[in-house]
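Colleague: I would like to learn how to read the features of a model of this kind, going from the overall fold down to single side chains. Could you take me through it step by step?

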Amino acid sequence: MSVSLVVDDEPSVRKYVRNILEREHFRTLEAEDGSRALQIVQELGGGVDLIVTDIQMPNGDGLRLAHSVKESFPAVPVILVSGETRPDPDAGFEFVQKPFLPMTLVTAVRKLFAPKADAA
C-alpha cells in the first residue's frame, strides 16, 4: 500500500483529502504545517509516495516544503493546493485549485503515477 502525507493547517481539509486518498488505496499520514511534514518525511527517509500540501500555512508553507522535499527526496511527488496562491508553472509541481471535487484530486494523483505505470 502506498503512503501519502496530507499537509494542511485546517483539520477539515486534511480529513477531506485523507478520505479521497484512502479511497485510492493510500495509507495516509497527516501534518498540520510544513515544518512538521518535513520532519515526518525526514524521519521516514523519504518513505512517502505522495505529498498533498496546502501552499499557505503558518509555521512552514507548502511551497517551501515542496522545494525541500524535491531537493532531498526528488522521487517523492508533491501536489500543491491553494484557494489563493498559484505557484509558478515552471516550479515542477502539480497544482489543484481549492475548493476542489474529489475527482479533481484523483486525476492529479493518477497523472503523477501514470508514467511509472507505463514504464513497468
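**From fold to side chains**

Modeller: Along the sequence, the protein runs in the order β-α-β-α-β-α-β-β-α, with helices (H or I, at least four residues) and strands (E, at least two) taken as DSSP runs numbered from the N terminus. That gives 4 helices and 5 strands. This is a predicted model, in which local features need pLDDT of at least 70 and side-chain atom pairs count only at pLDDT 80 or more, while totals for chains, interfaces and linings use all residues. Residues are numbered from 1 along each chain as its sequence is written, and side-chain values use heavy atoms, with hydrogens and water left out.

Colleague: Which residues touch the most other members of the largest nonpolar core?

Modeller: In soluble globular proteins, nonpolar side chains tend to be buried together. A nonpolar core is a set of buried Ala, Val, Leu, Ile, Met, Phe, Trp, Tyr and Cys residues joined through side-chain atoms within 4.5 Å, where buried means under 20% relative accessible area, exposed over 50% and partly exposed in between (1.4 Å probe, protein chains only). In the largest core, of 20 residues, those touching the most other members are Leu 5, Val 7, Ile 51, Val 69, Val 78 and Leu 80. The elements giving two or more residues to this core are β1 (2-7), α2 (34-43), α3 (62-72) and β4 (78-82). A second, separate core has 16 residues, including Val 6, Val 13, Phe 26 and Val 109.

Colleague: Is Thr 53 buried or exposed, and which residues does Thr 53 touch?

Modeller: Thr 53 belongs to strand β3 (residues 50-54) and counts as buried because its relative accessibility is 0%. Leaving aside residues up to four places away in sequence, Thr 53 has contacts (heavy atoms within 4.5 Å) with Val 7, Gly 62, Leu 65, Val 78, Ile 79, Leu 80 and Val 81.

Colleague: How many aromatic pairs does a search of the whole structure find?

Modeller: A pair of aromatic rings is described by the distance of the centres and the angle of the planes. Rings of Phe, Tyr and Trp (its six-membered ring) pair if their centres lie within 6.5 Å, and planes under 30 degrees apart count as stacked, over 60 as edge-to-face and the rest as tilted. The search finds 2 aromatic pairs. Tyr 16 and Phe 100 form a tilted pair, 5.7 Å centre to centre with 50° between the planes. Tyr 16 lies in helix α1 (residues 11-23) and Phe 100 in the loop between β5 (94-97) and α4 (102-119), so the pair ties together parts that are 84 residues apart in sequence. Phe 26 and Phe 113 are also tilted, because their centres are 5.9 Å apart and their planes at 55°. This pair links distant parts of the chain, with Phe 26 in strand β2 (residues 26-31) and Phe 113 in helix α4, 87 residues apart.
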